[in-house]
Amino acid sequence: MWGAIEHLGRDGRTRGYLRDAWSPADLELRRWFGQEAARRGLDLREDRNGNLWAWWGDPSARPGVVTGSHLDSVRQGGAFDGPLGVVSAFAALDLLRARGFRPARPLGIACFTDEEGARFGVPCVGSRLLTGILDPDRARALKDDEGDSLAEVLRGAGRDPGGLGRDEETLRHIGVFVELHVEQGQDLVHRDAQVGVASAIWPHGRWRFDFHGQANHAGTTRLADRDDPMLPFARTVLHARQAAERNGVLATFGKTRVSPNNANAVPGLVSAWLDARGGDENAVRALVDELIDFSGAEVTVESWTPVVDFDAVLRERVAAAAGGAPVLPTGAGHDAGILASAGVPSAMVFVRNPTGISHSPEEHADRADCHAGVTALAAVVEDLCAS
Ligand SMILES: [Zn+2]
């Protein structure tokens with residue numbers, strides 16, 4: 001399975017992945033998901049928000065146990081963030097079938113759409129729409145760098161953007177969701193463990209800062225006459241670092257859009273995206289408020305996810321089924337976190353990442369650890385499907 005997808009959306013020069021939602025690479029990955037479902041005789045469904053579900057058994061009869069993740073990537077991302085959870089879900093099902101296991105309740109494999117938000121700026125679009133956390137009108141109006149709206153992109157992919165929004169029927173099918181994911185940190189390295197289980201996801205969010213100025217000629221406009229939005233943006237980036245250190249949280253400006261984006265022009269507009277997160281919600285909020293005041297920019301909240309504590313009973317059950325895996329918090333957002341915050345019992349299994357590097361072509365997990373992840377996931381699914 002890994003060999004069938006590892007070339008899809010890969011940049012030949014950097015070896016990083018470019019798997020924007022609804023891009024040709026993403027559409028190929030979705031087709032691959034459908035083929036893997038068909039090969040196993042699973043019932044493939046695409047919900048109104050573009051999420052894919054492959055069912056063994058009928059979830060309308062009884063809510064099922066669902067596992068899976070996503071197939072899209074950040075730009076220049078790694079191979080494991082997302083696909084490891086989907087491939088491991090199919091592999092765990094194969095392992096259980098090879099042992100002659102028959103689930104007492106339906107078993108589903110999920111592929112959530114646009115988890116990373118690389119194209120439209122908002123992460124976990126598929127699960128946020130499914131749960132009603134993201135307003136469908138707002139989603140339809142989201143624009144990519146080309147100026148195409150999500151509604152237009154969906155229509156181009158043969159989907160109906162009018163169907164977006166909270167999907168009660170699909171939600172009813174999910175009795176419990178377990179997402180396996182490559183760890184994005186080195187906690188498991190330090191604990192000398194191959195797999196772990198998530199305790200909580202830190203509160204985190206994204207804000208768009210629009211710095212307005214006046215576009216003009218870089219050679220003929222005197223410094224004194226310029227209204228250059230790059231300057232307050234630069235000051236804000238430096239201030240964000242200091243404020244983050246002071247508040248004990250993380251703050252990152254990792255994406256900008258400059259207009260007109262010419263080497264010989266003073267920009268007229270700098271849009272920059274702040275990602276802020278941390279263990280203490282009040283500290284994150286205080287940092288963002290301070291930056292909004294300091295920057296003088298026009299600021300739009302693009303997403304905010306309060307702290308997600310995964311269901312403690314489920315978490316302990318998953319940790320036990322996974323062979324006594326350690327329980328650890330994470331600073332990364334996931335579809336499992338969105339579902340948990342919407343009241344769906346959810347859990348996460350992490351696979352060790354030797355360097356901790358993620359959202360980069362260097363992201364890696366050793367084969368033996370990936371296999372340990374599949375074994376653990378199969379045990380978890382077997383346990384949850386048994387009753
Ligand atoms: Zn991910």
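Student: How many cavities of 30 Å³ or more turn up in a search of the whole structure?

Tutor: Two of them. This is a predicted model, so local features need pLDDT of at least 70 and side-chain atom pairs count only at pLDDT 80 or more, while totals for chains, interfaces and linings use all residues. Residues are numbered from 1 along each chain as its sequence is written, and side-chain values use heavy atoms, with hydrogens and water left out.

Student: What makes a space a cavity, and what makes it a pocket?

Tutor: Everything is done on a 1 Å grid over the protein atoms alone. In a cavity, a 1.4 Å probe fits at the points but cannot get out; a pocket is an open set with protein on both sides within 12 Å along at least five of seven lines. A residue counts as lining if it has an atom within 4 Å of a point. Grid points are joined across faces, edges and corners, and the volume is the space filled by probe spheres set on those points.

Student: Which residues line the largest cavity?

Tutor: Trp22, Asn49, Thr113, Val125, Leu129, Leu150, Leu154 and Leu164. Two or more of the lining residues come from each of α4 (125-131) and α6, where helices (H or I, at least four residues) and strands (E, at least two) are DSSP runs numbered from the N terminus. About 40 Å³ of space lies in this cavity.

Student: How do you know which class each lining residue falls in?

Tutor: Ala, Val, Leu, Ile, Met, Phe, Trp, Tyr, Cys and Pro count as nonpolar, Asp, Glu, Lys and Arg as charged, and the others, Gly among them, as polar. That gives six nonpolar, two polar and no charged residues around the largest cavity. The lining of the second largest cavity has three nonpolar, one polar and four charged residues.

Student: And the pockets: what is the volume of the largest one, and what lies nearest its centre?

Tutor: Its volume is about 1200 Å³. There are 47 lining residues, and Val74, Arg206, Asp275, Arg277 and His359 lie nearest the centre. By class, the lining has 14 nonpolar, 21 polar and twelve charged residues. The second largest pocket holds about 480 Å³. Its lining takes in 22 residues, with Trp2, Phe80, Leu84, Arg367 and Cys370 closest to the centre.

Student: What makes a residue a donor of the zinc ion?

Tutor: Donors are N, O and S atoms within 2.8 Å of the metal (3.2 Å for Na, K and Ca); water is not among the atoms, so sites may look incomplete. His70 (NE2), Asp81 (OD) and His181 (NE2) lie 2.0 to 2.2 Å from the zinc ion, so they pass the cut-off. Along the chain the spacing is H-x10-D-x99-H. Asp81 sits in the loop between β3 (64-70) and α3, and His181 in strand β5 (residues 174-182), so this pair ties together parts 100 residues apart in sequence.

Student: Why is Asp81 called buried?

Tutor: Buried means under 20% relative accessible area, exposed means over 50%, and partly exposed is in between (1.4 Å probe, protein chains only). Asp81 comes in at 4%, so it counts as buried. His181, at 1%, is buried too.

Student: Why is the contact between Arg159 and Glu46 called a salt bridge?

Tutor: The term needs a side-chain nitrogen of Lys or Arg within 4 Å of a carboxyl oxygen of Asp or Glu. In this pair the closest N and O atoms are 2.8 Å apart, so the contact qualifies. Arg159 lies in the loop between α6 (150-156) and α7 (168-173) and Glu46 in strand β1 (residues 43-46), 113 residues apart. Arg159 has 26% relative accessibility, so it is partly exposed, and so is Glu46 at 33%.

Student: How do you know whether Arg246 is buried or exposed?

Tutor: At 51% relative accessibility, Arg246 counts as exposed. Its salt bridge with Glu290 has its closest N and O atoms 2.9 Å apart. Helix α9 (residues 230-247) holds Arg246 and helix α10 (residues 281-295) holds Glu290, so the pair ties together parts 44 residues apart in sequence. Glu290 has a relative accessible area of 24%, so it is partly exposed.

Student: How many salt bridges does a search of the whole structure find?

Tutor: The search finds 24. There is also a network of salt bridges that links Asp20, Arg75, Asp145 and Arg257.
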